[in-house]
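Okay, thanks everyone for coming. I'd like to walk you through one structure today, starting with the ligands and then stepping back to the whole chain.

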Amino acid sequence: MTAITLAAPLAGWAMPLSEVPDPAFAQGLVGTGMAIDPTVNELRSPCDGTVLSIHRARHACTVRTASGAEVLLHLGVDTVGLNGEGFTAHVRDGQSVKTGDRLISFDMDLVGSRAQSLVSMMVVVNDGYTVDGQSVDREIAAGDAAMTVHGGSGADAGLPAAGPDSEEEGEGETGERSVVLPIANGLHARPAAALVAATKAYPGTVTLHCRDRRANAKSVVALMGLGTVLGDRLTVRAAGPGAQDMAESIAVLIEGGLGDPVVAGAGSQAAPAASPAAAPAQPAAEEEIGAPFAAGEEVLLKGTIAVPGQAVGTVARRFRTTARVVEQGAGAQVEEPRLRRALERVVAGLTQSAQRMPEHAAIFQAHRELLDDPELLDGALADIRSGKSAEWSWQCTARRQADALAALADPRMAERAADLRDLEQQVLTALSGKEPDVGLAELPAGSIVLADEILPSDLAGVPAGRLAGIGMAHGGPTSHAVILAAALGVPTVVALGRQAERVPDGAPVVIDGNRGELLVFPPEDTLAATRTAVAARTARREENRRSSREECRMADGTRIEVFANLGRVSDAPGAVVEGAEGCGLLRTEFLFLERQSAPTEDEQYQQYQQIADALEGRPLVIRTLDVGGDKPLSYLPLPKEENPVLGLRGVRVGLREPELLRAQIRAILRVKPAGVCRIMVPMIASPSELQAVRAMVDEERLRLGRAEPIELGAMIEVPAAALIADRIGAVADFLSIGTNDLTQYVLAMDRGNPHVAAQLDALHPGVLRLIRLAVMGAKTHDRVVAVCGGSASDPMAAPLLIGLGVTELSATPAVIADLKAFIRTLRMEDCRRVAEAALGTDSADEVRRLVTETWPAL
Ligand code: PEP
Ligand code: MG
């Protein structure tokens, strides 16, 4: 037995483990030790030894002493969920360290504000150690003697803690059970400790196998060292008396989350979708992400829904490998003209792309504008003049600017960073003298492209039908690339996390844009079932298209209008083909997204008129500018706000910038024939806001000499508006419910936050009750109630919305033919009955179950 003295790894207030606000540590389940509430931001080694593992989230590290004691250092409580954010590791697995060496540094403000507590633990995790003495309940300096332990029973002997997988030769009873890990942050300290507590008393061995590694299930460090992530398939193997029962009971514990929340649907493609939303993306750790998934190893990766649809295909990897650029240049006389020629080549390429895809010319124009940005060129030229190469100068300047954009809280700005990274690559390619990358144009048919981030230029030359799907490790669901992918009808999932990099080229996959999932190496039956489902869906849609232009009536004759949501002029003709009976929401902020200056009244009028013409007399509901929140416009800077989604948004901006709103109103009033357009106002919270807009409409009507009135509607997106819909209905000609924002505000869940995406479901009974209130309020004035938010495109929502009294749905064009066909099969009495029952449930999952029980084909 050896006594070991451990030095304090941090300065701060030292305390006994029992005071830690985490039961697993406080009850000694993780190991024996103490804790420190730190006053410094650097974690140092408490002993000489070897770094056994740095957790992939960089919040924890284990050092093994020469005598075999494994010392786990865990920074803060509930810090694994930060996925590495705020932590920097200074050592690698296997590295030798001396007492006092820096292991991990951390951002105290960031971690302190996001974690449950900064109190950090130092515990000896292997069996048989007892504490001889501790220096607690006092201030301690890093490096002070903090704790002496002695012992070491070797209870884990006979099995290496963690290591490469291999077949164990075993005699006697063995048992095995496979299970999918449903824990968002993998087996971190708390669930690992719970697992150890469950296996410790077992007289035999229990091991956990994941990918090509295994771990002793009686060792917290080994389990943490497995580096598991959500959705990993684990095999539990036991050897000893009652081995099969043991493996079984451990698997059940894992399925139950081991004390952590269970992520619904994490494991099985076949599991019913509890919600159409996606589970949180996997962490974007900087360290090793693990070996490529082995052929045949079924893995489910979860991301965020971007473009709906399913596809089967083979993976074409397009992860960017960064070529090293040489720093030293050949002098400004050589490097400056090189850079300018490269820029000219890229500009010429952008012009060609714009000609090939005229409907997306605005995107390529935006790239040109970025290239024209004087700061970008000046920054690169300054570096060139200080002796650097054109490549080095361009790369540094472009990355600096892209990083600055990406660091902004605003997701759209972060997406512009992707445009800059695209340009960085294009210019480097041009400087290398190579032909521009063929992008995705020459992919074999049926390819599913996996990339860190697909860029607009990648999609520029892709012929329709070539690309079956897109999965991105990063990216947001509203990026330019996603807009293009939607236009090509390519199912897309974003924010899959870096685990996507482990998918090998050529691997068979199923991409599910409806659920935000990528299934790697699916079993043959899943592949076949998905192919059949895709083919059946295509055939059904073709069939449904045949009757889609006819007006939509339910089986009992009730008329339901099905409109389209539009964001671009070029979407309108296609929407009519799909069966749109009009446009129920024109998102006007999307028409001029790329502009640096506000569009004139004439420019706006021309776009509206073109859309009205394409709709051939069908109604066109034009929403006034809905800027703010997650939709900033570069030509309309708004003050920086703490909570922009609760700040200057929608009509609040319109009333603050009345000249902008008036110009838009005039443009709408000029569209011919008079009466085809309706005006809809976003983010209404009180009748007075709509009255203020109506006063402007009346004044502008007078100025234009237009006699005919124009219908003016309110969007119901703010819970208050739903609650006082009777008051708003008194001054509005119609109401249209924006379920995207209504759900975000009712559930207090940011619609852009991947961590709450799985729960953000518009079918939550709380949202449905508000919809009923809105409908009842509108009825008192006989007003039509439409829904134009995302749930209008969700077939499961249709019978409920109709049953609650909604008579118009405005959906994304691609779903209209199917939606109309489904509505034609519905009867009002069933819809009312199920809607009423849905209002009395506890959760969106229950509501979805009710719907599928009544309409099993959904
Ligand atoms: C909504 O909030 O549901 C809506 C239709 O508006 P947007 O998605 O543009 O915010
Ligand atoms: Mg909205």
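So, how far is a backbone N or O atom of Asn 740 from an oxygen atom of ligand 1? In this predicted model, that distance is 2.7 Å. The protein covers 99% of the 290 Å² of accessible area that ligand 1 has on its own. Two elements each give two or more residues to the shell, β29 (583-587) and α21, and α21 has the largest share, with three residues.

Thr 739 has a backbone N or O atom 3.1 Å from a ligand 1 oxygen, and for Asp 741 a polar backbone atom sits 3.0 Å from one.

Who else is there? Out of 14 residues around ligand 1, the nearest are Arg 587, Arg 623, Lys 631, Asn 740 and Arg 751. By type, the shell has seven charged residues, four polar and three nonpolar.

Now, the metal. Ligand 2 is a magnesium ion, and its protein donors are Glu 717 (OE) and Asp 741 (OD), 2.0 Å away. Those two are 24 residues apart in the chain: Glu 717 is in the loop between β32 (712-716) and α19 (719-723), while Asp 741 belongs to helix α21 (residues 739-747).

Zooming out, the chain has 26 helices and 35 strands. It runs to 858 residues, 54% of them buried.

Key: Residues numbered from 1 in each chain as written. Chains lettered and ligands numbered in written order. Predicted model: local features only at pLDDT ≥ 70, side-chain atom pairs only at ≥ 80, totals over all residues. Heavy atoms only, no water. Helix = DSSP H or I, 4+ residues; strand = E, 2+ residues; numbered from the N terminus. Buried < 20%, exposed > 50% of the residue type's maximum accessible area, 1.4 Å probe, protein only. Donors = N, O, S within 2.8 Å, 3.2 Å for Na, K, Ca; no water. Near = heavy atom within 4 Å. Polar contact = N/O pair within 3.5 Å; in protein donor to acceptor, adjacent residues only side chain to side chain. Areas by Shrake-Rupley, 256 points an atom, 1.4 Å probe, with all protein chains shown as cover. Nonpolar A, V, L, I, M, F, W, Y, C, P; charged D, E, K, R; others polar.
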